Amino acid sequence: MAYTSSLFAPTAFHTNKPRFSPVSTKPKTTRTVTVASIPPFSTASATDVSLFDGTTLAVIGGGSVAALAAALSLTDPERRRRLQAEEVGGGDKEVVKEYFNNSGFQRWKKIYGETDDVNKVQRDIRLGHSKTVENVLKMLKDEGSLEGVTVCDAGCGTGSLAIPLAKEGAIVSASDISAAMVAEAEKQAKEQLQAVGENAAPMLPKFEVKDLESLDGKYDTVVCLDVLIHYPQSKADGMIAHLASLAEKRLILSFAPKTFYYDLLKRVGELFPGPSKATRAYLHAEADVERALKKVGWRINKRGLITTQFYFARLVEAIPA
């Protein structure tokens, strides 16, 4: 990853020790402190900005803030989003389906897999996603054995959660909007869920190509990880309500939290649209998700935050109120 030379340019702060006597002959004392200076906005990339914490952003000089505000005001991410939808002849769902069946599938297959052919950002996102999966498994196993527990994995991707659940004895129904993702998940499941010695092979998850709205049935637990980021809150409300209607005991969701800091990083990232940024990204305020759950008679029982340098997700477990 390349940084601008100004990012680590030393900045000297001088503090003069006050003289307590008008006739003092003590020389002034100069103390030099070296810090990492903030790159000018014109040379900062989206990756550079993501390295700053909230405090750093809060103390950017007035000129830099003005430049940032001006640049953001000139961007038109909504226009790019409309063009994306027009290209595939539909809205958010069609854009997501097209992306994850083509270039997005290749990209995320690498991220979710074990190949070394990933860059620093992709490796970091892999770490963040794996932490989310680990936390979900812990949430589920804290309540006891998963043997015979029915689980709906909505938006299963390449099976990163469905397969470990099956290994624990859960009866898993896994689905994804992408046929390519489902095919890869089935392939991975058959390779990993083999009989070991005298032990019988775990039951293979049932994989289907479905969007969230098409899911039906009843399950002890419904899990939906890293999917809501593709849909605005107006649509997410309906999806949350539908997922809750499928769950008997609990619903586990992860989503990108909407805060001032994360929203700013997202908007700055939109200044630098690259070929891999082929889907819309929506952040969701935790209060909005909680409101959607309360509306259908559910309440949040557990919550957590998973963060790495390039991955951040709020994880909540909801149960009937």
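This report describes a predicted model of one protein chain, moving from the chain as a whole to selected local features.

## Overall architecture

The chain contains 12 helices and seven strands. Of its 321 residues, 41% count as buried. The accessible surface amounts to about 17000 Å², and carbon and sulfur atoms account for 54% of that area.

When contacts between residues at least 6 apart in sequence are considered, 69% of them join residues at least 24 apart.

## Confidence of the prediction

The average pLDDT of the chain is 76, and 64% of the residues score at least 70. Residues 1–77 have a pLDDT below 50, and this stretch has 86 contacts in the model beyond near neighbours in sequence. Where pLDDT is low, the predicted coordinates should not be read in detail.

## The second largest pocket

The second largest pocket has a volume of about 520 Å³. It is lined by 20 residues, of which Tyr112, Gly113, Glu114, Ser160 and Gln192 are the closest to its centre.

At least two residues each are supplied by α6 (103–112), α7 (120–141), α8 (162–167) and α9 (179–192). The largest share, five residues, comes from α7. By residue class, the lining of the second largest pocket consists of five nonpolar, eight polar and seven charged residues.

## Leu305 in strand β6

Strand β6 spans residues 298–307 and includes Leu305. Is Leu305 buried, partly exposed or exposed? Its relative accessibility is 44%; Leu305 therefore counts as partly exposed, since that value falls between the limits of 20% for buried and 50% for exposed.

Leaving aside residues up to four places away in sequence, Leu305 touches Pro257, Ala313 and Arg314.

## The backbone at Asp226

Asp226 is located in the loop that runs between β4 (219–224) and α10 (233–246). For context, most residues other than glycine have a negative phi.

Terms used
Residues are numbered from 1 along each chain as its sequence is written. This is a predicted model: local features need pLDDT of at least 70, side-chain atom pairs count only at pLDDT 80 or more; totals for chains, interfaces and linings use all residues. Side-chain values use heavy atoms; hydrogens and water are left out. Helices (H or I, at least four residues) and strands (E, at least two) are DSSP runs, numbered from the N terminus. Buried means under 20% relative accessible area, exposed over 50%, partly exposed in between (1.4 Å probe, protein chains only). Contact means heavy atoms within 4.5 Å. Accessible areas come from the Shrake-Rupley method with a 1.4 Å probe; for residues, only the protein chains shown count as cover. pLDDT is the predictor's confidence in each residue, from 0 to 100. On a 1 Å grid over the protein atoms alone, a cavity is a set of points where a 1.4 Å probe fits but cannot get out, and a pocket is an open set with protein on both sides within 12 Å along at least five of seven lines; lining residues have an atom within 4 Å of a point. Grid points are joined across faces, edges and corners, and a volume is the space filled by probe spheres set on the points. Ala, Val, Leu, Ile, Met, Phe, Trp, Tyr, Cys and Pro count as nonpolar, Asp, Glu, Lys and Arg as charged, and the others, Gly among them, as polar.
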